[in-house]
2 protein chains.
Amino acid sequence: MQHFHKEGSITSVKGIKAAGIFAGIKKKRKDLALIYSEYPATAAGTFTLNKVQAAPLLVSKEALKKSSHVQAVLVNSGNANACTGEQGYADALEMQKYCAKKLKLKQDEVLISSTGVIGVKLPIEKIKTGIDEIIPSLTHGGGYDAAKAIMTTDLTSKSYAKTVHLSGGEVTIGGICKGSGMIMPNMATMLAFIATDASIEKNLLQKLLSGAVKNSFNKITVDGDTSTNDMVVLLANGAANVPVKKDSEDYKTFLAALTKFCIVMAKSIVSDGEGATKLVTVAIKGAKTEEDANAVAKAISNSPLVKTAFCGEDANWGRILSAAGNSGAEFDPAKASIYFDDLAILKPNYDIVLDEKAAKEILIKKEYTVTVNLEAGKTDSTWWTCDFSENYIKINANYRT
Amino acid sequence: MQHFHKEGSITSVKGIKAAGIFAGIKKKRKDLALIYSEYPATAAGTFTLNKVQAAPLLVSKEALKKSSHVQAVLVNSGNANACTGEQGYADALEMQKYCAKKLKLKQDEVLISSTGVIGVKLPIEKIKTGIDEIIPSLTHGGGYDAAKAIMTTDLTSKSYAKTVHLSGGEVTIGGICKGSGMIMPNMATMLAFIATDASIEKNLLQKLLSGAVKNSFNKITVDGDTSTNDMVVLLANGAANVPVKKDSEDYKTFLAALTKFCIVMAKSIVSDGEGATKLVTVAIKGAKTEEDANAVAKAISNSPLVKTAFCGEDANWGRILSAAGNSGAEFDPAKASIYFDDLAILKPNYDIVLDEKAAKEILIKKEYTVTVNLEAGKTDSTWWTCDFSENYIKINANYRT
C-alpha cells in the first residue's frame, strides 16, 4: 500500500533536516541547499554518463565509494563547477571539506552537487560563507526551501513525499528534484535527492536506486542532451526502525514504491521542461527486445518533428512512425498501429482510421499518451517527453549571457 | 581543374532536358518535375535508411537493380506517397509505368520520387494528367523549373552546375536538390538529382556517388530526423564522349569534383534549413577513429542546446564540449580545445581563453566554423549544421494542417 502526501518533501522523512538560502552565487534567488540526516545513512547514487563530468560528481562518487555512511548533501545552483579543470576539482574538495568540518562529520560523509553555468570558476568563498549561514538554518520543514535553492530554469520547485507500508511498519520516501533543459536518459541536468527512514544495507540500496532510476529518470527526455552534472542520490537513515531486506516481499514493495516515486519526480521534470506545454507519455508495445522498445521510445521522444507536432496539436502520426523507423529497431512498419489515449489513429496495413476531430480533443489536453504497437515481439517500454515550443528556443538562445 | 558555373542547373549537362509544372497536387505552386536524358544513361542512387520507406523508393530501387540504363526521373512534391500501403505501391508503379509509356521507354528506365506529406493517398489521376502536360514542356533550360517543382518548405530553389576537366576533355556535372526539415545523415527529406555527360560504367558510377554522398549529404543535419523518402540519384549519359575509367587519374579528379559538388548542394540545404539563420561548419580534429570523429560531429551538430546557442550568438563552448562528451567517443575532455574560426576559445586543461568581444564578431556572421580538437588520434571529420530558431518551431508545429 502506498500513499502520496498531499504536501511533503525530503524533510517529511524522519530524521531529515534541510535548508535553502541565498549565498550570492545567483543574482537574487536561493542558490545553496543543505540536506542533513540526524543519523548516519547508507547512501546510493547514479551519475551522468557524459564523458565530461563535473568536479562535484567526481568528488561525490569517490565519497560514496569510500564511506560506509553519509550524513549530508550540499548543493549549489548558479554554477556547475564543470569544465573548470584542476582548480574546479580543488574547489569541489574544499566545498566538501569545509561543510564536513562545520557539521563535525568526516569529509566523505558529505556529498556535494552543483548545477548551473559550465566553465566558470566556482565562487568558493561565497559558498563557504553560505555554509556558515545554512547550517543554523536547518529545520525539519526545510525541504521546500532546499527544493527552491536547487532550481535553475525550472518554473516550479519540486518536492514530494510518500508513505510505504512494509511488514515491519510504515516508512516514508521524500525527495526534491530539479530539471529542466538537457534532460535525457542517463542523468541529464537534473538532480534528485531522495531520502527514506527505512533501514537498508548499502549495496541493496544501490540496487534499489538503480532499478528505480532505470524505469523513471532514464526514460525521460526534454531535448536529448545529457548534462555534465546530473545525479540522483538516495539516503536511508533507518530512523523508522523498519528494515528492507534482500529477496523479501518488503524489497519488492519498496522497489515498486520507489520506482513510482521516481516516476512522479521524473514526470514533474518533463512537464516543467524548458518551454514545455504538454506532458506526453510514449508507450511502446510489442517490441522484439527491451533495447528495441527503448530505442523506439527514445527516437519518438527526441524527434524535433514529433515534438513540434505535439506543440501544434497536430495529429501527425506519419512523423511518429517515421521516427520509429529511424530508431534502428527491428519491426515491420506495415504491422504497426498508433493510438492517442484510447483512440486508434493508424491500424495495421496503413489503415488510417484517424478521426481529426476526436484526435484534436486529445491533443489539446495538457497530458495524454501516444501508444505505438510494433507487433514485433512482447516487450513494452514507457517514456515521458514534452513538446518543443518557441519558448524552448527563447530560453536557450540566451541562457549563458 | 574545376569551375562552378555562376548560373547552371541539371540541364547545363549535355543531352539533359527538364521541366517543372503545377499539376494540382499542391495548392498553388509547381509540384511535378521531370528530368529526361536524350541518351540512355547509367544510373546510381543512395536511399534513406529509415525502416519506413516510401513506395516510390521501393520502385526506384528495384528499377536501378533491374535496368542497365535510365532515361527519366519523375518527381512530385506535395505528397510523399509514404505510409500508404499496397495502394501507395500500386500508385507508384502506375506513376512510373504511365510516364514510361508516354516517353516511349521501358518501365524500369524511369525512376520516380515523391516528397511532401506522409500518409495521404497519392492523387494519381492528377499526376497522370501532369505527365501528359510536362512531357511537351521539356527543354534544355528547364532545370530551374524542375528545381522549383521539387520544393516543399524550402525558401529558395537549388540548382548547380560545374565543369570538370578530364584527360579526354571537359565534362559537366549539374543538379537540383531540395531540403529542408528532417535533414540528417543517411538521406533526410532531401532529394538530389544529379547528371553528368561523362561516360561512366554503372558499378563505377555507384561507387563514385556513394563516395561523394558519404562526405557531403551524409554529414549534414537540420534537426536530426531522417525521412522516409530521401534519395540522391546520379545519371551519366555519355553525351560529352569523355570516359571516366576505374583506377584512373580521371576517376580521382571526377570523385573530388563530384564530392565538392555534393558539398555545395548539401550546404545549400543546411543554410536553407527550416528556420535557419546560420550555416555552421563543425570540424572535428584528432579523433581516435572515423566513427568517433563522426559521432562527435553528429552530437554537436544535433544538440538543441548547441543549436539554440548558435541562434542566440552565444559563445557557449560548454554546451559544445558537453555534447562531445555525450557522443560516446573516446577522448579526454581535459585535452580538448575549441576554436570559432581561427579564434581559440578553450585550450587544453580547461584553459578558457574566450575573448567575448572577438567571439561575438564571429558568431554574428551568417557562416563560420567551430573546430573541436580532441587530441585523441589522427582522424578528422567535417559536418555542416544550422542553428535552431523560433521559426523552426513555427514552421513545424503546423506543417500538416
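Visitor: Hi! What does the secondary structure of chain A come to?
Guide: Hello! Chain A has 11 helices and 18 strands. Keep in mind that this is a predicted model.

Visitor: And how big a box do its C-alpha atoms fill?
Guide: Along the principal axes, the C-alpha atoms of chain A fill a box of roughly 70 × 55 × 35 Å.

Visitor: How much of chain A is buried?
Guide: Buried residues make up 62% of its 401 residues. As for contacts in chain A with a separation of 6 or more, 80% of them come from residues 24 or more positions apart.

Visitor: Which domains does the assignment give for chain A?
Guide: The domain assignment gives domain 1 (2–269) and domain 2 (279–397). Their C-alpha centres lie 32 Å apart.

Visitor: Can we look at a helix? What is the reach of H6 in chain A?
Guide: Helix H6 of chain A covers residues 249–271, which is 23 residues. From first C-alpha to last, H6(A) reaches 33 Å, close to the 33 Å expected at 1.5 Å a residue.

Visitor: Which residues of H6(A) are buried?
Guide: Among them are A:Phe254, A:Leu258, A:Phe261, A:Met265 and A:Ile269. A:Asp250 and A:Cys262 are buried too.
Guide: A handy rule for helices: with 3.6 residues a turn, residues three or four places apart point the same way.

Visitor: Switching to chain B: how does E6 run relative to E7, parallel or antiparallel?
Guide: Strand E6 (residues 158–166) and E7 of chain B run antiparallel, joined by 9 bridges. E6(B) and E7(B) form a hairpin with 2 residues between them. In that pairing, B:Ser159 stands opposite B:Ile176.

Visitor: What is on E7's other list of bridges, the one with E8?
Guide: 6 bridges join E7(B) to strand E8 (residues 191–196) of chain B, and these strands run antiparallel. There, B:Cys177 stands opposite B:Ala192.

Visitor: How many residues of E7(B) are buried?
Guide: 8 of its 10 residues are buried, so to speak "mostly covered".

Visitor: Where do E10 and E16 stand in the sheet of chain B?
Guide: The sheet is open, with 7 strands in the order E10-E18-E13-E17-E14-E15-E16 and mixed pairing. E10 and E16 of chain B stand at the edges with a single partner strand each, so one side of each has no neighbour in the sheet.

Visitor: In what sense do E13 and E17 pair?
Guide: E13(B) and E17(B) pair in the parallel sense over 7 bridges.

Visitor: Which strands does helix H10 of chain B lie across?
Guide: H10 (residues 356–363) lies across E14, E15 and E17 of chain B, running at about 120 degrees to E15(B).

Visitor: One more helix: how many residues of H7 in chain B are buried?
Guide: 11 of the 13 residues of H7(B) are buried. They include B:Ala293, B:Val296 and B:Ile300.

Visitor: What covers them?
Guide: The cover includes strands E10, E13, E17 and E18 and helices H8 and H9 of chain B.

Technical notes:
Residues are numbered from 1 along each chain as its sequence is written. Chains are lettered from A and ligands numbered from 1 in the order in which they are written. This is a predicted model: local features need pLDDT of at least 70, side-chain atom pairs count only at pLDDT 80 or more; totals for chains, interfaces and linings use all residues. Helices (H or I, at least four residues) and strands (E, at least two) are DSSP runs, numbered from the N terminus. The expected span of a helix is 1.5 Å times one less than its number of residues. A residue is buried if 20 or more other C-beta atoms lie within 10 Å of its own, exposed if 12 or fewer, and partly exposed in between; C-beta atoms are placed from the backbone. Two strands pair if DSSP finds at least two bridges between them. Two residues are in contact if their C-beta atoms, placed from the backbone, lie within 7 Å. Axes are lines fitted to C-alpha atoms, for helices over the stretch in contact, and angles run from 0 to 180 degrees between N-to-C directions. Domain bounds come from an automatic or database domain assignment.
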